[in-house]
Amino acid sequence: MSEKKATITLQPGGRSWDFDVLSGTEGPDAIDIRKLYSEAGVFTYDPGFLSTASCHSAITYIDGNEGILRYRGYPIEQLAEKSTFIEVAWLLLYGELPTASQLEEFRNIITHHTMVNEALLRFFEGYHYDAHPMAMMVGVVGSLAGFYHDSLDIHDPRHRDICAHRLIAKTPTIAAACHKHNIGEPTMYPRNDLSYAANFMYMLKGTPCEEYEVDPLAERALDLLFILHADHEQNASTSTVRLAGSSGANPFACVSAGIASLWGPAHGGANEAVLKMLEEIEHAGNIDKYIARAKDKNDPFRLMGFGHRVYKNYDPRARIIREVCHKVLDQLADSNNPLFEAALRLEEVATNDEYFIERKLYPNVDFYSGIIYRALGIPDNMFTVMFAIARTVGWVAHWMEMVSDPEFRIGRPRQIYDGAPKRDYVPLEARS
Ligand code: SDX
C-alpha cells in the first residue's frame with residue numbers, strides 16, 4: 001500500500017475517490033487508476049499515451065528533459081564507449097552485464113543460430129523484386145512462427161530464451177536476404193568467424209564470387225548503431241509488441257507486428273525519410289527555404305530526424321552518433337557530397353533557430369543514422385531494417401519481461417464513444 005495518495009473529485013456532485021500513487025526507482029510517480037472505472041464509472045483520456053505508464057519495467061530508463069538514456073541502469077554513453085552489441089543484448093535480456101563465460105556462451109549460441117531454414121528463403125520468391133525490405137521483414141520474420149513448434153510455451157523460461165536467441169540470431173540473415181532479393185543477387189550464408197555486425201555487412205555486401213573484407217570502421221560504426229538502437233522504453237513499436245504479446249500470441253508474430261509499427265516515418269522510418277528530405281533539399285543553399293516550410297503550419301513538411309515525443313533535450317544517442325557520423329564522413333564518404341554538406345548545414349541552422357529551440361526540436365538518433373548508413377553504402381530502403389535488427393533485442397526483452405510479470409494480462413484500452421446514439425434499423429425501401 002502506497003503512502004502517497006491522489007484524490008479525484010468529480011464535479012458536479014463533488015464525489016471523491018482516493019488512489020495510490022506508485023513510485024519507481026527513478027522517474028515520475030504514477031497514479032494507480034486501475035480501480036477508477038469500477039469505482040467511479042469514468043475512464044481517463046490520453047490519446048498517444050503522453051501521460052500514461054502502461055506497465056512496470058526494469059529494462060530502460062529515459063529522462064526526456066535531462067537527455068538521459070540507461071539500459072538496466074548503465075548510461076548509454078558508457079555502453080557506447082565500452083561495450084558491444086552482443087554484450088548489450090545479454091544485458092537487456094537478463095538484467096546484468098555477463099561474465100566472460102556467459103558472454104562467450106551467448107555469443108556462440110547467437111552465432112550458431114544465424115542460419116535460417118532453407119524453406120524460409122523460398123518466401124522471398126513470392127515477393128516482387130522491388131518489394132520494400134520492411135514489407136519483406138514483416139512477412140518473413142512473422143513466418144518464423146511457422147517453423148518452430150518446439151518452443152511455444154511462453155510461460156516456460158527455456159522456451160522464451162530459445163525464441164529470443166533465434167530472433168536475435170536470424171534477423172540479420174533475413175534482413176540481408178531482403179536486400180539480396182531487391183538486387184537479384186544470391187543470398188549470402190552467415191559466417192561463424194565474424195562478429196555480429198561484421199557478419200551482417202558480409203551477408204549484405206558480399207557475393208559468392210570473391211572475398212569480402214568488412215572495413216573495421218564500418219564494423220565498429222554498425223556495432224555502435226546497433227547498441228544505440230537496441231531499446232528505448234515503451235516506444236510505439238515496443239508497445240505494439242507488448243500489446244500483441246499480451247494476448248499470448250506467438251512471439252515471432254509479435255515481433256513482426258513491432259516491425260510493422262517501426263516502419264512508420266514518425267518512428268523508425270524517419271532515418272530513410274531524412275535522406276529523402278536531404279535529397280529534396282539538394283544542397284545547403286536551399287536550407288532556409290525548407291526551414292521556413294517546416295515552420296509553416298499550412299505546410300505538412302516536417303524536418304525528418306528532428307524532434308522527439310520524449311526527449312525535450314538533445315537525444316543522448318544523437319550526441320554520441322554525431323561524432324561517429326562526422327568520423328565516417330571524413331574517412332569513408334565523399335565529404336564534398338552536397339547531401340552531407342546539406343545535412344551539416346541543416347543541423348547548424350535548425351539547432352540555432354528560435355522555432356526549434358522553443359519547441360525543443362533537436363536532431364534525434366534518426367537524423368545521423370541515415371547519413372552514416374548512406375556513407376557505409378547501405379541502401380536507403382534498408383535503413384529502417386537496420387533499426388529493426390537492433391530493436392529486435394529490445395522487443396524481445398520487453399516481451400520476456402511482460403510474459404513473466406505476475407500481473408501479465410491482456411491489454412484492452414477503452415474509448416470515448418462519439419458515434420450515433422441508439423437508433424432502429426431502416427428497411428432498404430424506406431431509405432432516401
Ligand atoms: C524515433 O518514441 C521513441 O522512443 C522513438 C525512438 C525510439 O528509439 O524508439 O526514439 C525512435 O522514432 C525517433 C523520432 C523519429 N521521427 C522523426 O524524426 C520524424 C520527425 N519528428 C516528428 O514527426 C515529431 O517530432 C515526433 C513524431 C518525433 C514527435 O512528435 P510529438 O511529440 O507528437 O510532437 P508534436 O507533433 O506535438 O510537435 C510539437 C511541436 C508542433 O508545433 P506546434 O503545434 O507546437 O506549433 O513541434 C512541431 C509541431 O508542429 N514539430 C516539428 C517537428 N516535430 C514537431 N516541426 C518541424 N519539424 C519537426 N520534425
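Tyr425 is found in the segment that follows α18 (383-403), where helices are DSSP runs of H or I of at least four residues and strands are runs of E of at least two, numbered from the N terminus. This is a predicted model, in which local features need pLDDT of at least 70 and side-chain atom pairs count only at pLDDT 80 or more, while totals for chains, interfaces and linings use all residues. Residues are numbered from 1 along each chain as its sequence is written, and side-chain values use heavy atoms, with hydrogens and water left out.

Tyr425 is exposed, at a relative accessible area of 70% (exposed means over 50%, buried under 20% and partly exposed in between, with a 1.4 Å probe and protein chains only). Its side chain makes a polar contact of 2.7 Å with the side chain of Arg431; such a contact is a pair of N or O atoms within 3.5 Å, one able to donate a hydrogen and the other to accept it, and residues adjacent in sequence count only if both atoms are side-chain atoms.

Turning to the whole chain, there are 18 helices and six strands. The radius of gyration is 24 Å, close to the 22 Å from the globule rule for 432 residues, so the chain is as compact as a globular protein of that length; the radius is taken over C-alpha atoms, and the rule is 2.2 Å times the number of residues to the power 0.38. Along the principal axes, the C-alpha atoms fill a box of roughly 80 × 65 × 60 Å. Of the 432 residues, 48% count as buried.
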